[in-house]
Amino acid sequence: MKVRPVEFEKPIVELEKQLEELKKHSKLSSVDLDREVRAMEKKIEETKREIYEKLTAWQKVQIARHTARPFALDYLKLAFSDFVELHGDRLFGDDEAMPCGFATIGQYRCAVVAHQKGRDTKENIRRNFGSAHPEGYRKALRVMRLAEKFHLPVLALIDTPGAYPGVGAEERHIAESIAVNLSEMMLLRTPIIAAVIGEGGSGGALGIGVADRVLMLENAYYSVISPEDCAAILWKHRSHAPEAAEALKLTARDLKDLELIDEVIPEPLGGAHQDHELTAQNLRSALLAHLEHLKEKPIESLLNERYEKFRKMGMVFEGS
């Protein structure tokens with residue numbers, strides 16, 4: 001897959017072009033350039049590590065939005081098997097921004113609810129850029145209730161800039177559909193694991209994010225508002241998005257330190273789009289580890305712990 005570089009990756013791209021020129025020149029001439037080639041390869045590796053190990057919050061947001069990054073349906077092919085998609089919310093229609101169904105991961109049959117983006121204009125229109133309508137959240141809840149009925153765990157793959165804010169979504173009560181999901185997921189009598197695989201935007205992400213374990217890929221982000229919108233409100237201009245991203249503490253490491261998520265899943269050097277298979281393997285291993293642990297818990301203990309997990313978020317302790 002040809003990957004279009006992000007702005008901060010341009011120094012690496014320039015070095016890779018120089019390496020290709022060296023290799024081409026070495027083949028066409030009798031001059032031995034193996035030493036120079038090895039030196040250039042070493043320099044590229046060092047430059048990659050220097051850039052990717054010191055990414056800012058805004059740079060991680062850019063990676064989280066990368067169009068070559070694996071999406072939910074990619075993970076369903078690479079980390080799961082036997083996926084059977086279910087359609088429709090039984091009230092209005094189907095929402096292709098929110099594919100849902102049943103799949104197998106390891107030895108477990110499970111329900112999967114997810115956001116899905118597109119890689120080109122046609123697919124993005126079909127998937128509504130990963131922004132679900134009310135019927136998407138109601139479809140997800142329908143599938144989760146089926147999972148509860150058949151004693152299957154629920155796995156949620158979150159990747160959305162936010163729920164769709166259009167007139168139609170408001171007419172069909174987008175806020176109510178998300179609110180119902182928050183309430184119902186808190187009481188769902190089956191294990192739930194949510195993983196933020198790209199963007200975790202606002203209530204659109206939280207609408208399938210109430211879970212016993214919340215995981216995040218290393219370069220994903222999870223935030224109450226996008227950096228651009230936050231900048232427009234606080235600084236009156238979207239150009240301040242990098243400062244907003246830092247202030248929002250939206251990276252996986254920040255959220256782990258704040259105890260708002262349970263695990264940071266490592267990505268390949270440069271981001272998940274550099275190696276889909278390795279990223280899927282890391283996600284699969286993390287999901288299975290948490291699933292095996294949760295399956296051992298009595299359901300009442302699971303519900304109590306889930307309640308306490310979210311109840312303590314944002315708690316303020318005053319001095320005596």
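Residues are numbered from 1 along each chain as its sequence is written. Because the model is predicted, local features need pLDDT of at least 70 and side-chain atom pairs count only at pLDDT 80 or more, while totals for chains, interfaces and linings use all residues.

**Second largest pocket**

- About 300 Å³ of space lies in the second largest pocket, and of the 18 residues that line this pocket, the closest to its centre are Pro161, Gly162, Ser202, Ser226 and Asp229.
- Helix α9 gives the largest share of this lining, three residues.

**Largest pocket**

- The largest pocket holds about 460 Å³ of space, and among its 18 lining residues those closest to its centre are Leu206, Tyr222, Leu260, Phe310 and Met313.

**Helices α6 and α8**

- The axes (lines fitted to C-alpha atoms, for helices over the stretch in contact, with angles from 0 to 180 degrees between N-to-C directions) of helix α6 (residues 134–149) and helix α8 (residues 174–187) come within 8 Å and cross at roughly 20 degrees.
- That crossing makes α6 roughly parallel to α8, a term for angles under 35 degrees.
- In the contact between the two helices (heavy atoms within 4.5 Å), the α6 residues include Tyr137, Leu141 and Met144, and the α8 residues include Ile178, Val180 and Met185.

Notes. Side-chain values use heavy atoms; hydrogens and water are left out. Helices (H or I, at least four residues) and strands (E, at least two) are DSSP runs, numbered from the N terminus. Angles under 35 degrees count as roughly parallel, over 145 as roughly antiparallel, 65 to 115 as roughly perpendicular and the rest as oblique. On a 1 Å grid over the protein atoms alone, a cavity is a set of points where a 1.4 Å probe fits but cannot get out, and a pocket is an open set with protein on both sides within 12 Å along at least five of seven lines; lining residues have an atom within 4 Å of a point. Grid points are joined across faces, edges and corners, and a volume is the space filled by probe spheres set on the points.
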